[in-house]
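Okay, everyone, thanks for coming. I've got one structure to walk you through today, so let me put it up on the screen.

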Amino acid sequence: MEPSTRSITDALVASRARVGVEEAFQLDCVAELIDRYQTVPALDIPGAERLVASGADGTPLVAEFLAAELAPLLGESIPSAWNLIHDVANLRARHPRLWNAVHDGRVRVWQARQIAAQAAAAGLDVDAARWVDARLEPALGRLAWARLRRKTS
């Protein structure tokens, strides 16, 4: 028996929801790695690992080699891994409502990352980023992406 159009569309919607859950889980994994990589051995030699900013104002320091370890796990370049680390750190520390919206399935990860990156690129301090977060929260999951994006510009 051939599946109905309704069953196909239901399967598509369910698949999309599972992808969102998995993407949020990946953010959680990166956040946990950020937490675990906040110390380095105290070595006073050239080239020794040091702590660097994990994101914009208000984010923790992280071991600088984390991106080099994360990149092959994700099949990405080191700069791409750094972008992910920055975005996760920024989302969690500077945009807690947006972080929750991703985990509630109201916002896709790529959208949240764009908002967090845009706030960081604008040079907003942690208080300003949280103000933006609070101001956007009522629109998360309610406005079309293009309209929400215009609110952040």
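So, contacts along the chain. If you take the contacts in the protein chain with a separation of 6 or more, 59% of them come from residues 24 or more positions apart. Keep in mind that this is a predicted model.

What are those contacts linking up? The secondary structure comes to seven helices and two strands, and reading along the sequence you get α-β-β-α-α-α-α-α-α.

Now the overall dimensions. The C-alpha trace spans about 70 × 40 × 20 Å along its principal axes. There are 153 residues in the chain, and 34% of them count as buried.

Charges, quickly: we've got 18 positive and 19 negative side chains. The centres of those two sets sit 11 Å apart.

Let me zoom in on one residue, Ala89. You'll find Ala89 in helix α3, which runs over residues 78–94. Is Ala89 buried or exposed? Ala89 counts as buried, because its relative accessibility is 2%, and the cut-off for buried is under 20%.

And who does Ala89 touch? Leaving out residues up to four places away in sequence, Ala89 touches Ile34, Ser54, Gly55, Thr59 and Arg94. Take Gly55 from that list: Gly55 and Ala89 are 34 residues apart along the chain, yet their C-alpha atoms are separated by 5.6 Å.

Okay, that's my bit. Over to you.

Methods:
Residues are numbered from 1 along each chain as its sequence is written. This is a predicted model: local features need pLDDT of at least 70, side-chain atom pairs count only at pLDDT 80 or more; totals for chains, interfaces and linings use all residues. Side-chain values use heavy atoms; hydrogens and water are left out. Helices (H or I, at least four residues) and strands (E, at least two) are DSSP runs, numbered from the N terminus. Buried means under 20% relative accessible area, exposed over 50%, partly exposed in between (1.4 Å probe, protein chains only). Contact means heavy atoms within 4.5 Å. Lys and Arg count as positive and Asp and Glu as negative; His and the chain ends are not counted. The place of a charge is taken as NZ of Lys, CZ of Arg, CG of Asp or CD of Glu.
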